[in-house]
Amino acid sequence: MATEETLAKILAQLESLQVSQAQLQSKIDSMTSPTSASSSRIATPPRKTAGLPIPTRTDSPSALIPNAASYSSSPGLSTSPPVPSVLSNIAVIGPNVGPVEKPALTPTNSSKEREKALYPQRVIITTYPDQSGIKPVPISWGAATPAERGPVVCSRQNNSIKSRNAIGAHSGSYSIYRALAIAIGTLDPHHKPNYALTDPPVDIPYVPAWADPKKIVSFDPWGHLTPQVFKEQSDAGLDIRPSIAITKAVGASRALPVLISAYLVIYASTQHIKMSELDTAAASGALKIDGKIVLESVPLNDEHGQPMPGFPGVELVTSKAAVEPVWYLPGVAERFGISEGLLRRALFEDTGGMYPELITRPDIKVFLPPIGGLTAYIFGNPAYLRDETKELTLRVHDECNGSDVFGSDICTCKPYLVFAIEEAVRCAQRGGVGLVVYFRKEGRALGEVTK
């Protein structure tokens with residue numbers, strides 16, 4: 001009985017939100033549409049069966065969306081009025097429009113024109129599971145293959161917004177800077193990077209933990225292979241982006257020539273770590289130069305172009321993986337011993353209501369939070385990380401800008417980090433593998449101001 005009452009209250013609140021959204025959209029229409037058009041639009045409560053329609057751009061490439069026919073034929077699906085000719089004057093282009101000349105910016109008209117070009121549709125504050133046109137791409141967290149798991153889609157671009165199966169934004173906290181770049185016209189919101197040469201240089205093969213939704217809950221184990229394993233869906237028009245980037249040192253030289261064509265040669269830089277503390281350790285003999293993991297640095301040249309005398313220090317060969325957070329909300333809630341509902345409510349309230357779909361879309365279980373990610377530095381053979389017969393030295397370290405970067409003596413974070421790197425290297429030199437995981441969350445996630 002109590003459960004039925006609770007569900008009834010939740011349903012009433014959702015209906016109230018739907019009515020409020022319809023009224024808000026009507027007010028927006030009255031401010032942005034001609035008087036004759038706005039006077040005929042009256043906010044009415046949405047039908048319970050179909051929900052509120054999702055407005056779309058008239059130039060949206062619906063042919064690229066999987067099951068696009070089902071979207072276009074959905075009852076009640078509305079579209080925005082035709083976009084003014086200002087689109088032809090703005091250097092923000094859609095996927096089917098060629099580049100055009102960017103106009104001179106003036107405070108009086110440029111911002112309004114760009115806003116109309118970028119966002120011609122009405123403001124979509126949130127969506128609901130039963131809304132017309134809503135059809136999330138299926139995702140099964142913990143599935144054993146990428147085809148069964150499905151891609152993570154959180155983009156609000158026109159060709160992805162109806163197919164979203166994740167809340168939040170790509171790139172964590174850096175999504176704010178992307179938004180600024182789009183707003184001022186320096187980045188095309190539809191820009192699609194070329195992933196042709198981004199295959200991971202380090203093989204990270206499938207392991208059984210990927211297929212256990214309780215094992216991995218805070219990042220996407222397929223994130224480093226997204227351009228490869230979800231290429232078909234991406235080519236079909238969905239905005240799918242990688243959440244892990246892997247790089248590796250190419251060898252002992254600072255730069256190696258790479259033949260691009262018969263007429264062009266470029267140099268690929270290495271992924272080496274160089275720190276003054278490591279130079280000191282090597283000079284004292286505490287860190288052994290082996291020519292594989294620990295390399296002697298190339299001497300710097302003086303003003304006459306001659307190598308400077310003295311010990312040039314050392315560099316460490318490492319493999320690096322940058323990881324952005326991708327949360328599976330049921331798994332995260334279980335880790336903290338709380339309900340998924342409480343987790344969603346807390347995330348919604350204490351981000352200033354930034355993501356309403358945490359409340360209105362209980363069917364979406366994946367969340368890309370606006371926080372920093374982590375970087376994993378691997379010393380030695382990365383394959384040894386999954387070999388239980390190999391020795392492992394591991395350090396999990398939270399970012400400390402004052403100590404790690406500037407050497408401040410306000411805390412002892414950097415000495416711990418340097419010691420960990422040295423021990424990771426020694427472990428690799430003994431035939432094991434070293435791993436330093438660097439979290440971008442200053443002061444145990446307090447932030448530098450609070451810290």
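**Aromatic rings**

Modeller: Y206 is partly exposed, at a relative accessible area of 38% (buried is under 20%, exposed over 50%, partly exposed in between, with a 1.4 Å probe and protein chains only). This is a predicted model, with local features needing pLDDT of at least 70 and side-chain atom pairs 80 or more, while totals for chains, interfaces and linings use all residues. Residues are numbered from 1 along each chain as its sequence is written, and side-chain values use heavy atoms, without hydrogens or water.

Colleague: And W222, buried or exposed?

Modeller: W222 is buried, with a relative accessible area of 6%.

Colleague: How many aromatic pairs does the whole structure hold?

Modeller: A search of the whole structure finds seven (ring centres of Phe, Tyr or six-membered Trp rings within 6.5 Å; planes under 30 degrees apart are stacked, over 60 edge-to-face, the rest tilted). Y206 and W222 count as stacked because their ring centres are 6.4 Å apart and their planes meet at 20 degrees. Both Y206 and W222 lie in the loop between α6 and α7, 16 residues apart, and their pair links distant parts of the chain.

Colleague: Which residues make up the cluster there?

Modeller: Y206, W210 and W222 form one aromatic cluster.

Colleague: Changing topic, what is the exposure of I176?

Modeller: I176 has 51% relative accessibility, so this residue counts as exposed.

How values were computed:
Helix = DSSP H or I, 4+ residues; strand = E, 2+ residues; numbered from the N terminus.
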